[in-house]
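User: I would like to learn how to read the strands and sheets of a protein model. May we work through one example together?

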Amino acid sequence: MKLTKKPLNEETRYTALIIVTILSILVAFFLFDRFFNKSSDSMVQSKQEKTIIVKEADIKEVQSKIPPKSVVDSVRKAIGQGNYSTAYMQLSKAPKGSPEYEELNKLIAAEKQKKQPPGIRKEAETPQNPLRYLDESTPRNRETDWVYAYFSDIAGALWPRFCIQSVDATSLNITGFRIKADKKTFDVQAPVIKSEEVHGKVAQWYDAAVDSQLYYAIQALMKARKASVEYIGTKQTREREITEEEKKGLRRIMEAYIALGGSFAFVSPEVGNKAINKH
C-alpha cells in the first residue's frame, strides 16, 4: 500500500513560522549581547590601562622637574631666617644633578645673592681656597700692613677668620701680636706665620679661625677710639696705629657674616649674634 504525505494545514504552518521567527530573534539577541559586551569590556580595560600609564608617566615627569612646593617653601623660609644649615640639609636630600637639586641650589644661591650686603666682595672658589667673603677695603695682596676679618663658605657652612699682615724691609720673625684697643690689650700668640717676598720687601701674615679671644679683640677694635697693633718678632718689635678704615672694615664683615647666616654662639652662651651691635 502506498503512503502519501498529508499537507499541513494553513494554521499549523503559520504557527511553526512564528515559533521559528521568535527563536531566530532570541538567538540573534544572545549573540549580539555576547559580542558587544566583550568588545566594550575590552575597550574600557584598554582605555583604563592607557590612562594609568599616561598618568604615572606624567606624574613622574612632573616630580622630576619640579621640587615639591613644601620643600621649596621650607628652603626659602630657612634662608629668610638665616638658617642655611637647614636649607642645605633639604638640598642634600635631592639626588645630586637631578632637576630638583638644581632648582633648590639655584634658589639658595639667588637668596644668598639678594642678602649680600654692600661693600662686601666675593672671591671665587679655587683649588687652593674655598669661596671667601671680604670687605672691599681689604687689600687684594700682601703689600700692605692690615688687620682684617673675613669668612669662608665651605659646603654652605660659614667659617670666620682673622688675619694680621705686615710688610717690612726685613723679616721680623714674628712670634705674636699685641692688639691695643683703648684701655684693652690682647696678646695673640702666632705659632704659624706665613711669609713671601714682595717687591724687595718681606710680607708676613697670621691667618687663624676666630676663637673667643680673637672675637673679643675684634669687638674691642670696632668700638675703639684709638687702636694699635704690635708685631712682636725675635729680632725686633714694630708698632703701628690701626686706621678707621680697618675698623670700619671689621664691622662691615662681621655684620655681613651674621646677615648671611653666620653665628658666634660658639663664643659663649651669653655672647651670640647680638654682641656686635653693643656699643
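User: Which residue in E6 does glycine 176 stand opposite?

Analyst: This is a predicted model. In general, strands of a sheet pair through backbone hydrogen bonds, either parallel or antiparallel. Here, glycine 176 stands opposite glutamine 189 in E6. Strand E5, residues 174–181, is joined to E6 by six bridges, and the two run antiparallel.

User: In which order do the strands of the open sheet lie?

Analyst: The order is E6-E5-E9-E10, four strands with antiparallel pairing. Strand E6 (184–189) and strand E10 (237–241) each have a single partner strand, so they stand at the edges and one side of each is left without a neighbour in the sheet. On average, and with direction ignored, neighbouring strands of this sheet are turned by 15 degrees against each other.

User: Which helix lies across E5, E6 and strand E9?

Analyst: That is helix H5, formed by residues 212–223. Helix H5 runs at about 140 degrees to E6, and strand E9 covers 227–233.

User: How many helices and strands does the chain have, and what share of its residues count as buried?

Analyst: The chain has six helices and 10 strands. Of its 279 residues, 37% count as buried, where buried means under 20% relative accessible area. The accessible surface comes to about 18,300 Å², and carbon and sulfur atoms account for 57% of that surface.

User: What share of the contacts between residues at least 6 apart in sequence join residues at least 24 apart?

Analyst: For this chain the share is 57%.

How values were computed. Residues numbered from 1 in each chain as written. Predicted model: local features only at pLDDT ≥ 70, side-chain atom pairs only at ≥ 80, totals over all residues. Heavy atoms only, no water. Buried < 20%, exposed > 50% of the residue type's maximum accessible area, 1.4 Å probe, protein only. Contact = heavy atoms within 4.5 Å. Areas by Shrake-Rupley, 256 points an atom, 1.4 Å probe, with all protein chains shown as cover. Pairing = 2+ DSSP bridges. Axes fitted to C-alpha atoms, helices over the stretch in contact; angles between N-to-C directions.
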